[in-house]
Each structure stands twice: as structure tokens, then as C-alpha cells.
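Trainee: Could we go through the side-chain contacts of this model together, starting with charges and then turning to rings?

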Amino acid sequence: MGATHGRGSSLRRTSFENKQQLSEKVAAYIREGIMVGQFRAGEYIRTERLAEELGVSPTPVREALMLLGSEGSVRWEPRRGYRVVPLTTRDVGDLFRVQAFIAGELAARAATELRDEELDLLEETQAKLEQAERDGDFDLVESLNYQIHRTINKASDSARLAVLLGVTVNYVPLGYYASIEGWSSASAHDHSSIFRALRARDPEGARKAMSAHIEHVGGQLVEHLRQREVLS
């Protein structure tokens, strides 16, 4: 017996009009939904129903569920369909521990690679982020935060390691940035120690500051999910 999705009439802001890599977009939608409890543990995700809700054909939904099955987010049960695997505190903690390790290493490498003008631009972007946080413009905070982290990761000159970081970030529910208490504040305040280490060309300091930042936001997500009884 399948559970209902219980999402109401409004869907998260996601565009499915571009046919390119449609299954990956659907997978990202479901993955994020699992992380925030939109799709609850034990629920069966009905292909036809979800395809209709998203305005896509059933094929990319099936492909997305197969991908998520390979990741362990859902489990195929014969004659019943794909069922959401329970999400635990350890799961989320492990996700951010791995992310903190990789992001810390990338920041350490960037500390000796970033040019002075790139650091100046980072600090200008951070000033805009802090103003957006004061203004309550959480979409802009998210966008500027992405720019900052992307600049640091790219400066590390470690493309393959950055790709691995991207795999872990795929599980972070960025579409809920504004609703997770403390996330915008962390972006506004945690970055200062990272920038100090980068400006000082201090790889170890950059590693520690970046890792601490990622672990901080991970802890905030865990608390957010606990309060909403998402975690098993």
C-alpha cells in the first residue's frame, strides 16, 4: 500500500521545461525532497503521479528513480515500486563530514593559488552577501554564497576533487536555503575566518576554517530535520 506524497498543491520552484538532462533534474528534485521530508521514509514514489505533478513524461521519472536507487536513496520493491529509504542522523552527518574534508582540502590548496585581485573580488562579494543577509534577500545570499565557494574551489586547480565535492553537494537542499535556520547567517559570518587564512596564504588555517564552516551548516541542517521529524 503506497503512502500519499502529502505535498499540497504547490511544488518547489524547479523548471522542467528544458529537455536536456531531464532525468537528472527530476532526480535532483526527488533527492532534495527526501532530504527535507517532502518524500517521507517508507513512502512509495508513484511514477505516473509524480510525472503528472512535474509536467513531464514518466520516462525521466523512471530514469531518475533508477539513479536514486543506485545511490541508496530509494529501494526497488517488485510489484510495488520505489520506496524511500529512511534518512538517519548519521547519514546527514556523514554527508557533511565528507563535504567538510573535501572543501577544506580545496581551500587549503586555494590559499597558495588565489591572486590578490581574486581575493579582493571575494571580499567584495562577501560584503554584498552580508548586505543581502541583512536585507533578508535569501535568494541573493544563496547565489553569492555559491559564487564564493565556486571561486575558492576553482582556484585550487583540483578539478577532479571539486567534482567529488559536487557529488556531496547534490544532497544538500539548497532550494530550502531561506527556511533552514542559521544558514544565511552562517554564510554571512563564517566566511571571515576563511578569508583571513586565504589572505595570509595559510593553507592549514584555510582548511580548518572551511571545514568548520561546512560542519557548522551541517549541524544546522540536522537540527532542522530533527525538528521536522524527518530523521529516523
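**Charged pairs and aromatic rings**

Mentor: Glu-105, Arg-109, Glu-204 and Arg-207 are linked in a network of salt bridges. The model is a predicted one, in which local features need pLDDT of at least 70 and side-chain atom pairs count only at pLDDT 80 or more, while totals for chains, interfaces and linings use all residues. Residues are numbered from 1 along each chain as its sequence is written, and side-chain values use heavy atoms, with hydrogens and water left out.

Trainee: How many salt bridges does a search of the whole structure find?

Mentor: Side chains of opposite charge can pair when their charged atoms come close. A salt bridge is counted here when a side-chain nitrogen of Lys or Arg lies within 4 Å of a carboxyl oxygen of Asp or Glu. Searched over the whole structure, the number of salt bridges is twelve.

Trainee: In which helix do Arg-207 and Glu-204 both lie?

Mentor: The side chains of Arg-207 and Glu-204 meet in a salt bridge, with N and O 2.6 Å apart. Helices are DSSP runs (H or I, at least four residues), numbered from the N terminus. Three residues, about one turn, separate Arg-207 and Glu-204 within residues 203-227, which is helix H10.

Trainee: Is Asp-94 buried, partly exposed or exposed?

Mentor: Asp-94 forms a salt bridge with Arg-97, the closest N and O atoms being 2.7 Å apart, and because the two residues are three apart in helix H4 (residues 89-110), about one helical turn separates them. Buried means under 20% relative accessible area, exposed over 50%, and partly exposed in between (1.4 Å probe, protein chains only). Arg-97, at 48%, is partly exposed. With a relative accessibility of 35%, Asp-94 is likewise partly exposed.

Trainee: What kind of aromatic pair do Tyr-29 and Phe-39 form?

Mentor: Rings of Phe, Tyr and Trp (its six-membered ring) pair if their centres lie within 6.5 Å, with planes under 30 degrees apart counted as stacked, over 60 as edge-to-face and the rest as tilted. The whole structure holds two aromatic pairs. The ring centres of Tyr-29 and Phe-39 are 6.4 Å apart and their planes lie at 75°, so this pair is edge-to-face.

Trainee: What is the relative accessibility of Phe-39?

Mentor: The pair links distant parts of the chain, ten residues apart, with Tyr-29 in helix H1 (residues 22-36) and Phe-39 in the loop between H1 and strand S1 (44-45). Tyr-29 is buried, with a relative accessible area of 2%. Phe-39 also counts as buried, its relative accessibility being 1%.
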